Amino acid sequence: MDADRLARLVDRIGPAIVMTHSASGPVGWLLADRRPDHIAALVSVEPMGPPFAETHGIGTLHWGLTAAPLTYDPPRTTAEEVAAADPATLRVPALTGVPMAVVTGETAVFATYAPAIVDFLTTVGAAAEHLHLPDRGIHGNGHGLIYESNSDEALQPVLQWLDQHTATPRARPGQTS
């Protein structure tokens with residue numbers, strides 16, 4: 001339902017940079033599948049994973065990175081078909097070329113899932129990258145990056161990535177044009 005709501009929103013506002021966090025990560029993948037022309041970039045901070053994982057109390061990512069169907073080519077009509085397929089043959093045409101960043105902090109268990117998520121996204125066609133904050137000199141972050149005392153610092157690699165992967169660089173807070 002969230003992906004449907006967001007699809008209606010981007011239908012109204014046009015292309016957008018979409019940012020998800022944690023359990024909302026699958027919503028981003030579904031939105032990009034439904035409205036690829038409306039996604040300027042997708043940033044997923046500490047998303048659920050890895051592909052096909054079961055998360056206690058939340059559910060299973062039966063369709064790879066989502067619990068709801070993605071549009072595979074060749075078509076896969078059931079989650080069982082997706083799980084049984086050779087991963088190298090899975091393609092989601094709508095994700096082809098969509099810039100996606102998977103952002104992880106140093107101390108979160110979600111950081112261990114990111115390489116498999118990025119590999120899956122790349123295999124299905126997305127232009128996905130892993131932004132692991134320690135690799136960019138930012139240390140100590142856990143799962144709740146936006147709540148931590150260095151949240152402004154943790155945001156900088158994301159903004160730099162967006163500048164490199166979207167058509168129009170944005171002014172930073174406090175920066176004049």
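1. Tyr113 has a relative accessibility of 23% and therefore counts as partly exposed, a class that lies between buried (under 20% relative accessible area) and exposed (over 50%), as judged with a 1.4 Å probe and protein chains only. Phe110, at 18% relative accessibility, counts as buried.

2. Before going further, please keep in mind that this is a predicted model, in which local features need pLDDT of at least 70 and side-chain atom pairs count only at pLDDT 80 or more, while totals for chains, interfaces and linings use all residues. Residues are numbered from 1 along each chain as its sequence is written, and side-chain values use heavy atoms, with hydrogens and water left out.

3. The protein contains five helices and six strands, where helices (H or I, at least four residues) and strands (E, at least two) are DSSP runs numbered from the N terminus. Along the sequence, these elements follow the pattern α-β-α-β-β-β-α-β-α-β-α.

4. On overall shape, the radius of gyration, taken over C-alpha atoms, is compared with a globule rule of 2.2 Å times the number of residues to the power 0.38. For 177 residues, a compact globule would have a value near 16 Å, and the protein agrees, because its own value is 16 Å. The C-alpha atoms fill a box of roughly 50 × 35 × 25 Å along the principal axes, and 45% of the 177 residues are buried.

5. Helix 2 (residues 25–34) deserves a look, since nine of its ten residues are buried, among them Trp29, Leu30 and Leu31. The buried residues of helix 2 pack against helix 1 (2–13), strand 1 (16–21), strand 2 (39–45), strand 5 (99–104) and helix 4 (110–124), with contact meaning heavy atoms within 4.5 Å.

6. The structure holds two aromatic pairs; rings of Phe, Tyr and Trp (its six-membered ring) pair if their centres lie within 6.5 Å, and planes under 30 degrees apart count as stacked, over 60 as edge-to-face and the rest as tilted. The rings of Phe52 and Phe120 have centres 5.9 Å apart and planes at 85°, so this pair is edge-to-face. This pair joins distant parts of the chain, with Phe52 in the loop between strand 2 and strand 3 (54–55) and Phe120 in helix 4, 68 residues apart. Phe52 counts as partly exposed at 32% relative accessibility, whereas Phe120 counts as buried at 9%.

7. Phe110 and Tyr113 also form an edge-to-face pair, with 5.6 Å from centre to centre and 70° between the planes. These two residues are separated by about one helical turn, because Phe110 and Tyr113 are three residues apart in helix 4.
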